[in-house]
Amino acid sequence: MAKVVGFNGNAAVAYAMKQINPDVVAAYPITPQTDCVERFAEYVSEGLVDSEFITVESEHSAMSACIGAAAAGGRVMTATAANGLALMWEMLYIAASMRLPIVMMVTNRALSGNINIHCDHADTMGARDAGWIHLFSENAQEAYDNTIQAIKIAEDLGVRLPIMVTQDGFIISHAVERVEILEDEEVKNFIGAYKGRYPLLDLNNPVTYGPIDLFDYYFEHKRSQIEAIDNCLPVIERVGKEFGELSGRNYELLEGYRLEDAEYAVVALGSTCGTAREAIDSLREKGKKVGLLKMRCFRPFPRESVIEALSPLKGIAVLDRSVSFGGFGGPLFTEVRSALYDAPSRPSIINFFYGLGGRDIYPEDIEKALEKTEEVVKAGKIEQHIDYLGLRE
Amino acid sequence: MGNLFDSQVEIAWCPGCGNFGILRALKGALTELGFSPEEVVLVSGIGQAAKLPHYIAANVFNGLHGRSIPVALAVKTVNPRLLVIAESGDGCMYGEGGNHFLHALRRNPDITVIVHNNQVYGLTKGQASPTSEEGFVSKAQPWGNLSLPLNPLSLAISQDASFVARGFSGDVDKLKEIIKEALTWRGFSLIDVLQPCVTFNRVNTFAWYKERVYYLDDSYQPEDRIKALEKSLEWGDKIPLGVIYQHQRPTFQDKIYSQIEEEDLIYRGVNFDDLFSRGLRLFT
């Protein structure tokens, strides 16, 4: 019988971190992540973990400390949000390029300016090309489950890449939900003992991290990094299945909801998927054949799974909670649309921006997006590729 | 009593916050020195202290955490006729913005830096900051802060900062006088203001400071750098307040404009008649 507790997203991840018992955690406070790190600090203080907890003067230093500790051979975790993630920028690329399996929880928050502490996906979307794996969570349960899986995925010898596990700031991070937790022993056995590869602390086998790499070899190294992240998909799938066997909660790269016979669907990330389920149930009651595709894994982008799930549809509404200024649509839209270019059949795709800076989204907004998509398909022509939900104009 | 610098924005600090004293002292200093809001630029970062510019009717640039000093330096360089104040908390100025603080000391821009030093991160709810005492217990450091507190005054004096002072937000009148001295000082002026955080710092309270602070008297010579350094190291049972060090040296603006031998950037190619006709007031 699984143990059930009331946790907000921050508490759920802090508890997962406690059970993971990493060697090093280095972090700097930033809303809405602070609560997670403080809870972990309490576990450290109470002697419930063996972790070395390093408080630093900036997020740049936090990620630098994580990189140092991971290169030394430690199992390393951290957490941040928004501008904190932005300040880590150059170090994110270094963590990925050095193939260091650091796991970081990010509470998604709008990136300034103007300053805003509420949820959108501008922060992690900005870091989507840094070479990290990105796993999105729909609720606190998934934030907990993804964090545990992330350790196993990141440390897999076929992966060895850093992972960010995201949860929507405040919406998930600060809302208390029912969360099923595993026993400490179960988590310990699931992730296994960590053995660093090429650790700096192995004094008998000295190694060098990060030397200059110019036009002679840099390109080949990037090529191997491309292959590394592309090869992660089967590992993420395998770990999701194994986690399902352990917990009863199965995880895939993406999840369909009432998609089997659907003609129209929304594609979304994070907590909005929960809102979308309501909208879909409501439209189904009205006889509409609609469904949801939840993207759990955004990097690497599971192109083939997306084609398989979406190609049979007539129309798709892609919901983006961040903007790629000057680009043709948001980050999720461009990925989904590009993936479907070679699909056996191509649905019509509309991009809906929503929820920037924490603006709420309601089931009715999503119903409207699906209805608009249906109208476009029936009209046979897309007049407007980009639209907005919940915006005053 | 209304003040020219009163803002309509509702104040979102805890009741009893030490920031209120700094706000009152700063508004009083600006008024008594005869400045008008359009002559003043407040540049801040992120934190409870960094919200202060919202509560003053003047020009405001609210940027990123730790980054107020470079922006203030640039504003002053482009338009030296503006009164430029960078203000934020100890976390913002000495932690995330610590590097900018160091290099501002070297450059000596004619700006005033007001640091609300409450020895804690207030906005993120109570973690140890760069000026927290060793052993300070917080939710993020339940075992007690492992680092020594930074001494901003000693650091500034060691780098020959132009004007270094310490104030206390519990004494608005005297703080106002220190701010007036700093604002009229030509060169980089630092005021580290002891500002009790009534919610997250239960150690360094109003009462704690009141028992310890004292003002330097007229016999104190702030021009003597070594004596100033000694004075800046005084902390514990007795904490000195007032102007601890001052030393005139050429400002960043003096040096820049002596190199390029042109008038201030703001006055190049500006049609003043056009500006006046659009209702903008210029200050000379």
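Predicted model: local features only at pLDDT ≥ 70, side-chain atom pairs only at ≥ 80, totals over all residues.
Start with chain A on its own. Where the two domains of chain A meet, 27 residues of domain 1 are in contact with 24 residues of domain 2. About 2,100 Å² is buried between these domains, and carbon and sulfur atoms give 56% of that area. Three residues stand out here: Arg128(A), Phe136(A) and Glu138(A) supply 29% of what domain 1 of chain A buries against domain 2, more than any other three residues.

Four salt bridges turn up between domain 1 and domain 2 of chain A, along with 15 residue pairs in polar contact, both residues at pLDDT 80 or more. On the domain 1 side, helix H6 (122-126), strand E6 (133-136), helix H7 (140-155) and helix H10 (232-247) of chain A each bring at least two residues. E6(A) gives the most, with four residues. Sorted by class, that side of domain 1 of chain A has 14 nonpolar, seven polar and six charged residues. Elsewhere in the list of side-chain pairs, Lys294(A) and Glu142(A) meet in a salt bridge, at 2.5 Å from N to O.

Now for a single residue. Thr78(A) belongs to strand E4 of chain A, residues 76-80. Thr78(A) counts as buried because its relative accessible area is 1%, under the 20% cut-off. Beyond its neighbours within four places in sequence, Thr78(A) is in contact with residues including Ala26(A), Ala27(A), Met63(A), Cys66(A) and Met88(A). Val103(A), Met104(A) and Met105(A) are also among the contacts of Thr78(A).

That leaves the contact between the chains. Chain A puts in 19 residues and chain B 16 residues. Together they bury about 1,400 Å², 59% of it on carbon and sulfur atoms. The count of salt bridges between chain A and chain B is one: Glu38(A) pairs with Lys139(B), with the closest N and O atoms 3.9 Å apart. Five residue pairs are in polar contact across this interface, both at pLDDT 80 or more. On the chain A side, helix H2 (34-45), strand E3 (52-55) and helix H4 (82-87) each supply at least two residues. H2(A) has the largest share, six residues. By class, the side of chain A that touches chain B is made up of eight nonpolar, seven polar and four charged residues.

Notes:
Residues numbered from 1 in each chain as written. Chains lettered and ligands numbered in written order. Heavy atoms only, no water. Contact = heavy atoms within 4.5 Å. Buried area = accessible area lost by both parts, 1.4 Å probe. Polar contact = N/O pair within 3.5 Å; in protein donor to acceptor, adjacent residues only side chain to side chain. Nonpolar A, V, L, I, M, F, W, Y, C, P; charged D, E, K, R; others polar. Buried < 20%, exposed > 50% of the residue type's maximum accessible area, 1.4 Å probe, protein only.
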